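Trainee: Could you walk me through some features of this structure? I am new to it and would like to learn how to read them.

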Amino acid sequence: MDSETEQNGRPETFVTPPPLECGDRIAVIAPASNRRTDFGEVYDLGLERLREVFELEPVEYPTATRDAEYLLENPEQRAQDVMDAFEDPEITGVIAVIGGNDQIRVLKHLDPDVLRANPTRFYGYSDNTNLALYLWNLGIVTYYGPCLMTELAMDERMFEHTIEFTERAFFADSLGALRPATEFTDEPGDWATPAQLEDPRGTEPNPGWQWDGGDDPVSGRLWGGCLEILDQQFIVDRYLPNESALDGTVLALETSEELPDAEWVAGVLRALGERGVLERFAGVLVGRPPARTHLEDRPADEREAYRHQQRQVIEDVFARYNPDAPVVTNVDFGHTWPTTPIPIGGWVEIDPQEETVRFEEG
């Protein structure tokens, strides 16, 4: 057993890697998938935003220029880019190009000693949940977003809410207090039509957070990510800490543009409840689910019904297995825009009485 890890698999200490500074070099890697070769204009816009909005210098690593077929056949190269970027003393941050669906194949090629010795701020979500939880096991805090081709390359301009909280994730010691965005969208971009990058996506008023479950304030380390990837992690059961390591942590939970049915969400969570996992969490933050994709559009009433159904089943399952945990839904993280890049492994305080969520070092 590693001397820096408790017997239950939970790190004795967590480190938030040092913040970036304007002018720093940030590695661009594709540890999940890559759509650069299909939609180069979108990729280039993401690089431009790193330079012009955040005054960072992107450094493209080999996987950032490779196509999907190469990445699929070479998970070891994806792992090598992660390690090389962390180990490079001139790199102070690492950002994923986009998500995917097979990053779990990359994890066995990582050297934990290299990563532990060189903690670096990592940004990515969706399939990058795999890497975030691997680094959680090493006591390294990561940020659940943004990604280069989704949030940074947002059509017309980035959302001010995304800019504000990404600046905190890049340049601040801690994320601080969250707040709901005033508007949101899950309208997919038309990447196949480059001219569309000049037109903003349609938005809806944000009704704000919804609260359920316990009324007492709670705090703990954040753990979790995309439910479809958490499902894979529990099936493989190779990289998870002992379940007792989750005692007192706060679960981050969201779903992807795969638009899983509410009953599937309920079934996965119910299984985790029967396994005894859900009762371990002190609280839950739930990201607003997307309700449409570039393959499937839906009218506004169907989108709202989908969000409501998913929210309801999550609340119902936690009411059965962990009724004392406060559950905050409709939070602006994950597959929704604008985006709040919440720190996986960061210390979060949830106060249902004041209806506040705040990240500080515990």
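Predicted model: local features only at pLDDT ≥ 70, side-chain atom pairs only at ≥ 80, totals over all residues.

Trainee: How many aromatic pairs does a search of the whole structure find?

Mentor: Rings of Phe, Tyr and Trp (its six-membered ring) pair if their centres lie within 6.5 Å; planes under 30 degrees apart count as stacked, over 60 as edge-to-face and the rest as tilted. Here the search finds 12 aromatic pairs. One of them is edge-to-face: phenylalanine 54 with phenylalanine 170, 5.1 Å centre to centre and with 90° between the planes.

Trainee: Which parts does that pair tie together?

Mentor: Helices (H or I, at least four residues) and strands (E, at least two) are DSSP runs, numbered from the N terminus. Phenylalanine 54 lies in the loop between helix 1 (40-52) and strand 2 (57-60) and phenylalanine 170 in helix 7 (residues 160-171), so the pair ties together parts that are 116 residues apart in sequence.

Trainee: Is phenylalanine 54 buried or exposed?

Mentor: Buried means under 20% relative accessible area, exposed over 50%, and partly exposed in between (1.4 Å probe, protein chains only). Phenylalanine 54 has 1% relative accessibility, so it counts as buried. Phenylalanine 170, at 0%, is buried too.

Trainee: Which residues do ring pairs link into a cluster?

Mentor: The cluster holds Phe54, Tyr123, Tyr143, Phe170 and Phe171.

Trainee: Where does the charged end of arginine 288 sit?

Mentor: A charge sits over a ring if NZ of Lys or CZ of Arg is within 6 Å of the ring centre and within 35 degrees of the ring normal. The charged end of arginine 288 is over the ring of phenylalanine 184, 4.1 Å from its centre. Arginine 66 lies over the face of tyrosine 70, also 4.1 Å from the ring centre.

Trainee: What does glutamine 232 touch?

Mentor: Contact means heavy atoms within 4.5 Å. Glutamine 232 lies in helix 8. Leaving aside residues up to four places away in sequence, glutamine 232 touches Asn101 and Ile104.

Trainee: Which residues does the UniProt annotation cover?

Mentor: UniProt positions are given in the numbering used here, feature names are shortened, and annotations may be inferred rather than shown by experiment. The unreviewed UniProt entry annotates residues 26-145 as "domain: LD-carboxypeptidase N-terminal". That span is 39% helix and 18% strand, and its end C-alpha atoms lie 14 Å apart.

Key. Residues numbered from 1 in each chain as written. Heavy atoms only, no water.
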